[in-house]
Amino acid sequence: MKPWPFLRKGISLAEATALTRLAERLRNFPARPGTKIMEVCGTHTVAIRRSGLQHLLPAGVKLVSGPGCPVCVTPDSFIDEAVALARQGVVVTSFGDMLRVPGSRSSLEKERAAGADIRAVYSPLDALQIAADCGRETVFLAVGFETTAPAIAAAAMKALEKKIANFSLLTALRLVPPALQALTAADTRLSGFLLPGHVSAVIGRQAYDFLLERRLPGVISGFTAEDIISSLLLLLEMYNKDIYKVMNNYPRVVRDNGNEKSRQVLAEVFENVDAEWRGLGTIPASGLQLRPAFAGLDSRRRFAIPSETVRPRRGCRCGDVLRGLIDPPACPLFNKACRPDRPLGPCMVSSEGSCSAWVTYG
Amino acid sequence: MDKILLAHGGGGSKSAELTRNVFQRFLSDPLLLEMDDAARLDGQVFTTDSFVVKPLFFPGGDIGRLAVCGTVNDMAVMGAEPLYLSIAFIIEEGFPVSQLEKILASIAGAGRESGVRIVCADTKVVEKGKADGIFINTAGIGRPLFKKPVVPGRIRPGDAILINGPLGLHGVSVLTARGEFGLRGKIRSDVAPLWGLIRTCRDLDIPFMRDPTRGGLAQTLHELAHKKKFGLRVWEDKLPIPKKVAAVCDLLGFDPLHVANEGKVVMVVSRRDTDKALKILRRQPLGKEARRIGEITVENPGRVLMATRAGSERIVMPPAGEILPRIC
Amino acid sequence: MKVIEINNDMAVVEIAGLRREVGIMLLDKVKLNDWVIIHAGFAISKLTKKQARETLALFKEGDFFG
C-alpha cells in the first residue's frame, strides 16, 4: 500500500487538513440508503460523540456500536469473582473503570466502602509494585483486548523474574477478530467496519483479512475528528463502489503487520481459549488464558473462588447494544434506572461504554 | 443508600443526590435550600467550606492557601466583599510543627492578599491515623457590593458566558503532585483569591458568577442550566485549555471540563456590558486571558451544549462519580 | 510522548513537561527522542512524527478508487 495515497497533489497541508472541509464532504456524500457502519471500538464511540460527528453523517448512513469495550463485554461473573476475592482479604488492583461495574450483588466500589482493600491502578506494573510493597496476596484484574494484553503479559513475566510470589492475575482478556468473525457469521446488514486503532497497532491490518471474504470493507482509524471523518469517507466510498478492502488510515501508529514483538510476548505468556462475551455468547478461541509455565500466576488456581449464580438484570440490554442491534436509548433502563451515577450495566459505567457516551455527550 | 461512597464527595451528580436525599431531609432552612455558594442574610453573605486536599502541599499552593481562597471566592462570586473568616483545624497527632507553620504562613499570606481578616479560630488534635495530617474548615462573612444583584433570575438569552483564564490547572496540579498514575511533573495550581479581580466589575450588569471547583466547568454550567428556561452554548475552540492540562487529560482519559479550578470565575454578563467586562478583566493579573466562551440561548432550555471543532454539537454533562478524590 | 531516558527495559517519556516511567519491552529498538503511544504503563507503538503532522486523508470526490 502506498504511503499517504490520500494527499491530493497541489493542496497545501493547511488546506488538506481543514476539518471543516472534511466535515462538509461527509455531510454531502451521496451515500447508499441503508448504509450501516459499525464502530467496533468503544474509544471510537466516545470520540465520535464527543465531537458530535454523528450529526455530520449524510442521509441514509447509520453508525452502530460494537463489542469493542473490554469492560462491557466481560460477564457479571467476573465482578462476582473479584468481589469474592476482595472479601477474602486479598488486595484487589484494577483499572479504574471496573470499580463501579455492578456484579450480581455488589461492586468493587461498594466493597471498598465496606472496608476491602481495593486500589485503582493505571498499569499492571503498578499492581505488581503494590504486591511487592505490601507483601499481602495481591490480585490484578486482567481485563482488556490486544492493546492491553501484551502489557499484562509483560507484567506477568516481570513477576516471575522478580520472584514476586504474592501476585496473581484474574484474567478476562478477549480478542477482537474472533468477535468480529462471530458477529459477521450471519447476515448483519452491516456495510463496513470502523476498525480499532490501538488493537490494530498490535495485530496489524492483516488480522482483518477475513472481512474480505465476507465482502465487508474495513478502515483502521485513529481517534481525532479528522481521522474518523476521513475513515468514514473511505468506508462510504468503498461501500458505494462495492470495493472490499481493509485499509489502514492510521499509518502513523499502525503498521500493516502490526507489532511482532508484542505478539511474541503475548504468545509466550498466554494461549487462546474459548471465552464468554456479554451479548455474544461463547466465542471459540476468543479469549486468553495463562500458559502452563505461568499457571502459578492464575488467581483461579491460587484461590478458592465461590461461584455466584448470576442473576440476569431485568431489562438490561447491554448485550444488544454491544452487537449493534440497538442504540442505547432503546434500552428501557437507559438514563432512567440506569445512569452514570447509578449504573446497572457495564455499558453505562465504562469510559468506553456506548451508553455512557450517549448520556455524557448526547 | 446505606454507606457514603467516595463518589458522594466529588461535587458532581452523586454529591447532589446525597444532599437532596439525606441532608435536606434534616436541614431544610429556606436559605440553605437555595444552594448558592453563600447564604444571603440581611446585608451580608455567610458561607463555609472544608478542606481535605491531598497532598497538603502542591506547586502554587497548599491546604492553607486553599482554605482561605476557597471561602473568599465563594463570597466573591456572590458579588460580596469578603470581610471576615473563621478558621478551624483538626490536626493528627504526630503532625510536624514545621509543616503546620508553613501552612499558617500561607494562610496569613492569602488573608493579606485577599484583604480578609481572620478573626476567630479553633484547633483540635485527634489520635494518629484519624485525620490524615490536617483538615481545615473556614467560614466567612462578606458584604454585597455589586450594584446589580448577582442572581440567575436576571439572566437573559444573548448574555455572554466569560471565563477569566485557563481551565483545569488545580486538578492536574494536585494529581501530579500526588504522583498518581506515575506521572511526575510540576503544574502550578491556579489557587488564588478572586475578589480583587471580581470587584473591578461591580458596576456592570452581571447576573451570575461561580467558581468552577470540584466537578469543573461542566458541573458549574450544568447547575446553572438545570431547570431554567434558557440554555447554555459554549464553543469548543474558545475554551482555554493549556497544553499540560490537555496532555494529562488525554493520557488518563479525563475530560478537562470535569477538572477542578481554584482561581477561576465563570461569569454571565449582560450582552450590553460584555465588551466592557472583558476590557476591565484583562487589565488585571488574574484576568489577563479573560475571554468569551459561550452564550445564553433561547433554544435547548435547561441544557448545556457545546459547538464542536468539527462543526457539530454535543451536550456537556457533569462528571458522574469521583474523578479525583480530595482535590480541595 | 517522547522518550527522554532509557534504562534497560524501562524508559522515561515526556510530554508538555510531564514525565512517566513506562515499559518498552513491547517494542523493538526504542531510541532516545522516539515518540511513542503509551497505554497501561507501556509504550505500545512508535509514532512516526512526520506523519503525525500530516495526519489527514483528503481526496478528490469519487476518484480515489477510480
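A: First, a working definition: a residue is called buried here if 20 or more other C-beta atoms lie within 10 Å of its own. Keep in mind that this is a predicted model. With that cut-off, 49% of the 328 residues of chain B count as buried.

Let's start with the whole chain. Chain B has nine helices and 14 strands. Its radius of gyration is 19 Å, close to the 20 Å that the globule rule gives for 328 residues, so chain B is as compact as a globular protein of that length. Along the principal axes, the C-alpha atoms of chain B fill a box of roughly 55 × 45 × 45 Å. As for how the chain folds back on itself, take the contacts in chain B between residues at least 6 apart in sequence: 84% of them join residues at least 24 apart.

Now the domains. Chain B is divided into domain 1 (34-144) and domain 2 (152-315), and 23 Å separate the centres of the two, taken over C-alpha atoms. Where they touch, domain 1 of chain B puts in 24 residues and domain 2 of chain B puts in 22 residues. On the domain 1 side, helix H3 (63-76), strand S5 (80-92) and helix H4 (97-114) of chain B each supply at least two residues. H3(B) gives the largest share of that side, eight residues. By type, the domain 1 side that touches domain 2 splits into 12 nonpolar, seven polar and five charged residues.

What do they pack against? Just after H7(B), look at Lys227(B), which takes a positive phi of about 65°.

Finally, the neighbour. The contact between chain B and chain C takes 10 residues from chain B and nine residues from chain C. On the chain B side, helix H8 (residues 243-252) brings the largest share, five residues. The chain B residues that touch chain C divide into four nonpolar, three polar and three charged.

Conventions:
Residues numbered from 1 in each chain as written. Chains lettered and ligands numbered in written order. Predicted model: local features only at pLDDT ≥ 70, side-chain atom pairs only at ≥ 80, totals over all residues. Contact = placed C-beta atoms within 7 Å. Helix = DSSP H or I, 4+ residues; strand = E, 2+ residues; numbered from the N terminus. Nonpolar A, V, L, I, M, F, W, Y, C, P; charged D, E, K, R; others polar. Rg over C-alpha atoms; globule rule 2.2 N^0.38 Å. Buried ≥ 20, exposed ≤ 12 C-beta atoms within 10 Å, placed from the backbone. Domains from an automatic or database assignment.
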